[in-house]
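Here are my notes on this one, written as numbered points. Have the structure open beside you and look up each residue as you go.

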Amino acid sequence: MASREHELSALPQTSDPPRGRLSQLLARLISPYLHGEPRGPVPEVLGRLIYPFVRGEAPKPQQATGFYTDTTVCIGCKACEVACKQWNQLPSDGFNWSGNSYDNTNELSATTWRHVKFIEQFSEQTSNVLAPMGTVSDESPLNRWLMMSDHCKHCLAAPCHQACPTGAIIQNEFENVYIQADICNGCSSCIAACPFGVITRSEMGGHSHKCTLCYDRQRDGLEPACAKACPTQSIHFGPVEELREQASKRVDQLHERGVPQAYLYGDVPSETYSAMHSFYLLVDRPSVYGLPDAPFNPWLHMMGDYVRSVAGGLVAIAVLLVVVFLLKP
Amino acid sequence: MHANSSSQHASTKPPLPEQGGQIGYENTTVTKVPGWHGIIAWDALLNGMAMGLFLAAAVSELAAPAVFIGVAKVAYPVALVLLLVDLVLLVLDLGDPLRFHHMLRVFKPSSPMSLGTWCLTIFSLPLTAAAALSVLAKLGWDFERARLLAVVVGLLPGFGAAAYKGVLLSTNAQPGWKDARWLGGYLTNSALLMGCAELLVLSAVMRQTQAIAILRTAFIVLLILNMIPLGLLFANLRTIHAQLYTRGQQWRVGALIAVGALIPLGLILLNGGLLSISVAVIFLLADSWLVRSVYVKIPHTSPLEVRSGE
């Protein structure tokens, strides 16, 4: 049993049986490596070389699951952060006063998969510092706390998934975006691709990590640790379709009760971004919560970039050819 | 924690955070930097130099074998050395270099990194063959047809290995990089320009007068042509540069890049001797490195207003 993150990522994951004849053969070839038996340098090297090419049987697709986070009932207790760190055995990030309200977690990273954000909107003293935030309701003075438990958005068309060259990032049977820690080689493409800044590379082992939506717990029929720990039911876990229904009812309810600015972020696709399997109920602009106002999937540009790249090269080759043919004796 | 934070409301001077903190989340950069630092600027340069040299030599040799066969046979081994150095840099930049081969367990065209790795890996085979057969030819074992076959086979993956780099560095969510629509166009074009320049130096060293005459002209045309994608790239980056640098800094770097392009142009126009060609090519390579460094730095640089001492 691994007790630290770097040990976890080094463990081969043998839960899925090898798929196909080739994989069975390869798995047999590196059996000592797979089962952690005592080994010499040759089986070790052979195991490391062959291991990533052993394919597992794909699990049967299940109902898509996700999170719906109702920020209006979040009390900023950080129980979700603690539950996440504990269940996933994530190491400490040290402790620093940030000077930013009660938020001393600062950011999501390879070792922090839940981040509770605190936004203070108080009219007496916010006039100079937080003036632009008062845009939502000019008629009533803003005297409120906004709190939001942030985490991976588990995008339906996830840029990190599209960027990953090793196939370490997959969409698992619950349609959650999952990084296979035993496959990731730390190329950082996913970090560059994520518009929400969710992923970083761990100092230990050099691999990328992020929220797994408690894949291990889900496979055993449990709800994710953060949702389980949330005392106000700000974090809802369940089938995405049900969550969307529940969330839109809550928005209607809030509108009736005099919170007209309540809306859902990420529940449906926009023109530039897919739907997200973990979405939020917010009451101010997304940027106030540190979210992009209009998330953009970088892959919308990829084909055009390839065309310009290839054209740039072909034009140069054509020029070279013309000069050679004109001047050759 | 409780007493410390609540005192922010009461007193006019809130307690200073230990790390220069920011209140709220607005105007903060949401994305995380991938940690692709200087090593990637060198990688982008070596990538262009290796693939450019191979492509320039292959295209010239196939179009005019009589003129270029001698210099091409030297160019392929040089290109192989450049490629190997580049591959070492790429592997070292991984978080877990011993897992490099994990890149080869899938082929994913949606990932520029995957496409690029496959192109580089496949390209390294015909390039090694072409380089080895060129060396063997010098030693007296001439397998001319096999060598030409290797060169032809290397054309497509070699072109792919040059073309993916710009797309990789522009298809992402990073500030500035995400707007660089012309990076790929510039880098691939620049690769051919650098390749032509390297071939020119090799021809000068080997005193191939006909090759020098042709490549001098090609170099001048390509250098002028390269200004177009470079200009378009800097137009893409104007907004982000305005956020990161003062006008003075932008002008200084811009002038440096312009001078770095004009000096080789002037030198090559004036004189076709070995010395002036070598100096011109060194200036061109330095200039190409400067453009790549300026680009790679963008997401690692903080915007002006939060930087101290500007």
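1. Let's begin where the two chains meet. Helix α12 (residues 302–327) of chain A packs against helix α2 (residues 38–63) of chain B, with an angle of about 35° and axes 10 Å apart. The crossing of α12(A) and α2(B) is right-handed. From α12(A), the contact uses Ile317(A), Leu320(A), Leu321(A), Val324(A) and Phe325(A), while α2(B) brings Ala56(B), Val59(B), Ser60(B) and Ala63(B). Sort the residues of this contact by class and you get eight nonpolar, one polar and no charged. Keep in mind that this is a predicted model, here and in every point below.

2. An unreviewed UniProt entry lists residues 306–327 of chain A as "transmembrane region". In the model, this stretch is 100% helix and 0% strand, and its end C-alpha atoms are 32 Å apart.

3. Now for chain A as a whole. How many helices and strands does chain A have? There are twelve helices and ten strands in chain A. Of its 329 residues, 54% count as buried. If you take the contacts in chain A with a separation of 6 or more, 64% of them come from residues 24 or more positions apart.

4. Thr71(A) sits in the loop between β1 (65–70) and α5 (79–87) of chain A. Is Thr71(A) buried or exposed? Its relative accessibility is 6%, so Thr71(A) counts as buried; the cut-off for that is under 20%. Setting aside neighbours within four places in sequence, Thr71(A) is in contact with Met147(A), Met148(A), Ser234(A), Leu281(A), Leu282(A) and Tyr289(A).

5. The other practice residue is Ala163(A), which belongs to helix α7 (residues 159–163) of chain A. With a relative accessible area of 5%, Ala163(A) is buried. What does Ala163(A) contact, leaving aside its neighbours within four places in sequence? The partners are Ser189(A), Cys190(A), Ala193(A), Trp299(A) and, from chain B, Ser111(B). For a sense of distance, Ala163(A) and Asp284(A) are 121 residues apart along the chain, and their C-alpha atoms are separated by 31 Å.

6. Over to chain B. Chain B has ten helices and zero strands, giving the pattern α-α-α-α-α-α-α-α-α-α along the sequence. Its C-alpha atoms fill a box of roughly 85 × 50 × 25 Å along the principal axes. Of the 310 residues of chain B, 53% count as buried. Among contacts in chain B with a separation of 6 or more, residues 24 or more positions apart account for 77%.

7. Chain B has its own UniProt annotation, again from an unreviewed entry. Under "transmembrane region" the record lists residues 39–62, 74–95, 115–136, 148–167, 187–206, 213–235 and 255–285 of chain B. I'd check two of these spans in the model. Residues 148–167 of chain B are 100% helix and 0% strand, with end C-alpha atoms 30 Å apart. Residues 213–235 of chain B are likewise 100% helix and 0% strand, and the end C-alpha atoms of that span lie 34 Å apart.

8. Next, a helix pair inside chain B. Helix α6 (residues 183–205) and helix α7 (residues 209–236) of chain B pack at an angle of about 160°, with axes 9 Å apart. That angle is why α6(B) is described as roughly antiparallel to α7(B); angles over 145 degrees get that label. Their crossing is left-handed. By class, this contact has 20 nonpolar, five polar and one charged residues.

9. Helix α3 (residues 65–92) and helix α5 (residues 144–168) of chain B pack at about 40°, with axes 13 Å apart. So α3(B) is oblique to α5(B). The crossing of α3(B) and α5(B) is left-handed. On the α3(B) side you'll find Ile69(B), Lys73(B), Tyr76(B) and Leu90(B), meeting Glu144(B), Arg147(B), Val151(B), Tyr164(B) and Lys165(B) of α5(B). By class, the contact of α3(B) with α5(B) has five nonpolar, no polar and four charged residues.

How values were computed:
Residues are numbered from 1 along each chain as its sequence is written. Chains are lettered from A and ligands numbered from 1 in the order in which they are written. This is a predicted model: local features need pLDDT of at least 70, side-chain atom pairs count only at pLDDT 80 or more; totals for chains, interfaces and linings use all residues. Side-chain values use heavy atoms; hydrogens and water are left out. Axes are lines fitted to C-alpha atoms, for helices over the stretch in contact, and angles run from 0 to 180 degrees between N-to-C directions. Helices (H or I, at least four residues) and strands (E, at least two) are DSSP runs, numbered from the N terminus. Angles under 35 degrees count as roughly parallel, over 145 as roughly antiparallel, 65 to 115 as roughly perpendicular and the rest as oblique. A crossing is left-handed if the near helix is turned anticlockwise from the far one by less than a right angle, and right-handed if clockwise. Contact means heavy atoms within 4.5 Å. Ala, Val, Leu, Ile, Met, Phe, Trp, Tyr, Cys and Pro count as nonpolar, Asp, Glu, Lys and Arg as charged, and the others, Gly among them, as polar. UniProt positions are given in the numbering used here, feature names are shortened, and annotations may be inferred rather than shown by experiment. Buried means under 20% relative accessible area, exposed over 50%, partly exposed in between (1.4 Å probe, protein chains only).
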